[in-house]
Protein chains: 2
Amino acid sequence: MAGRPLGAARRNQVGVLRRASTRTHVYTVLRRAIVSLELPPGQALSENELAARYSVSRTPVREALIRLADDGLVEVVPQLGTFVSRISVRDVVEVQFIRETLERASLPHAIKRVSAADEKRLRRLLDEQEEAELEGDLQHWFTTDESIHRSLLEIGGHPKIWPIVSSAKAHLDRVRMLTLPDPGLLHELHSQHRDIVESVIAKDRRQADQILRRHLRLAVDLLEALEAEHPDYFLLDADDA
Amino acid sequence: MAGRPLGAARRNQVGVLRRASTRTHVYTVLRRAIVSLELPPGQALSENELAARYSVSRTPVREALIRLADDGLVEVVPQLGTFVSRISVRDVVEVQFIRETLERASLPHAIKRVSAADEKRLRRLLDEQEEAELEGDLQHWFTTDESIHRSLLEIGGHPKIWPIVSSAKAHLDRVRMLTLPDPGLLHELHSQHRDIVESVIAKDRRQADQILRRHLRLAVDLLEALEAEHPDYFLLDADDA
DNA sequence: TCTGGCGCTCTACCATACCAGTATTGCGAA
DNA sequence: TTCGCAATACTGGTATGGTAGAGCGCCAGA
């Protein structure tokens, strides 16, 4: 093979971020690629190939794939291969239910506990997202989307809900990605964010809940149309895991 | 050459039937040991030592530890060690909230969808649990406990909630384990199971919800007392992750 | 006696080698 | 031409070796 491990001198090869472990880095990169559909559902992933592409060994790649498998984003079949999981309509609906249930349950607590500093932070995130929208920076838009939802959970005193919602979001965002770039949808989502935040600040429980619910359902409402449009991305209804 | 001996190829090192992957096996064993407090909070776990104890290599041990870290049951500190996580009161409360929210949200669906076959299955599980209770077989009791809760989620059409609840349950059961063996508590929990199932069958939403809620809160109600009794098992309130 | 620094040891992390299966493919026989 | 079988070229699973970093204890010096 090519060069042998040279120790610390070689450690910086992958990216600027040396802080996180290699495994986390690979996990992050792969996850982003899957959610963005850059790696389409059904795509075969080879541990060897990925290791070569990112110039790391198989070990961290493998560990990243295990985490992705736990997230349901890939399926690893022993002695056969690892594949980007196809989208299961049933799973998406259920994952959406989980997310909606948890975020809505936390919202009243956020309304009770929101502080002036929280308000400032939320409004800053909203502005940041608006900027990303105007600039057409999808990546940044999604980052702020996560920040807003995570912040609301943290304000509600339920930070541990976020990892669950985040895992759900991955599947939902993959669906949403099929409808993008639709500037109208993006704008509507951002507008809903603003309405939710303002309702929380105004301590209007009913309105906040109503908008959040509608907000979270936007992705799945178009599911059937998307399935017809991209049949190869979806799992057949008969299949179960 | 003469080729490999095909008959012997089937033989897997340990003759204990056809077990899942080593990684899963180690994960299961370790998880059970942690939840049962056989491995107490704060206990240091060494990859090398575990590998030696279970007569496997470090790789599957390491991968199992990563999964346990995702579950929040262990904490791995690079270049230092891996430790059974201490119990954080705040986390237990939050995890309890998550579990309660999801199970209660699914319950109405279970009431709508419960079939005759489901009823039979649930009652069989209840009988099985009663038997385990009478025999004092804690391990079996916990198994049926899991089956009952999982079944209710599946009947409600939300099987994907189970992994989340299961992860939450691990933390809650660890707390509960501090109160056992208390035959009175065990009996009360079983009795509540029966009441919940009967309410579901009777399609009494309000009663089912009420009992389930009380049922799920039993573990955390005693938290403060337990923390006073076993201070070394708990995390100090100041600490955050 | 106390303190500061050097080094030993143990850790998890990553790289690599080996193993046991599976799908493919190419070749020989019908 | 077509079919069956066996060698092969993959796959992921496991075992093992090497590396940097963190903690701790010993020891020299004040």
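Here are a few friendly notes on this predicted model, in numbered points.

1. Some ground rules come before the details. Residues count from 1 along each chain as its sequence is written, chains are lettered from A in the order in which they are written, and side-chain values use heavy atoms, leaving out hydrogens and water. Because the model is predicted, local features need pLDDT of at least 70 and side-chain atom pairs count only at pLDDT 80 or more, while totals for chains, interfaces and linings use all residues.

2. Look at how chain A meets chain B. Each side of the contact (heavy atoms within 4.5 Å) is made by 22 residues from chain A and 22 residues from chain B. Together the chains bury about 2000 Å², with 68% of it on carbon and sulfur atoms; buried area is the accessible area (1.4 Å probe) that two parts lose on being put together, summed over both. On chain A, the trio A:Glu94, A:Phe97 and A:Lys160 supplies 28% of the area buried against chain B, more than any other three residues.

3. Now find B:Asp118, which sits in helix H5 (residues 116–135) of chain B; helices are DSSP runs (H or I, at least four residues), numbered from the N terminus. Is B:Asp118 buried or exposed? B:Asp118 is buried, at 14% relative accessible area, where buried means under 20% and exposed over 50%, with partly exposed in between (1.4 Å probe, protein chains only). Beyond its neighbours within four places in sequence, B:Asp118 is in contact with B:Arg113 and B:Ile155.

Note on methods:
Helix = DSSP H or I, 4+ residues; strand = E, 2+ residues; numbered from the N terminus.
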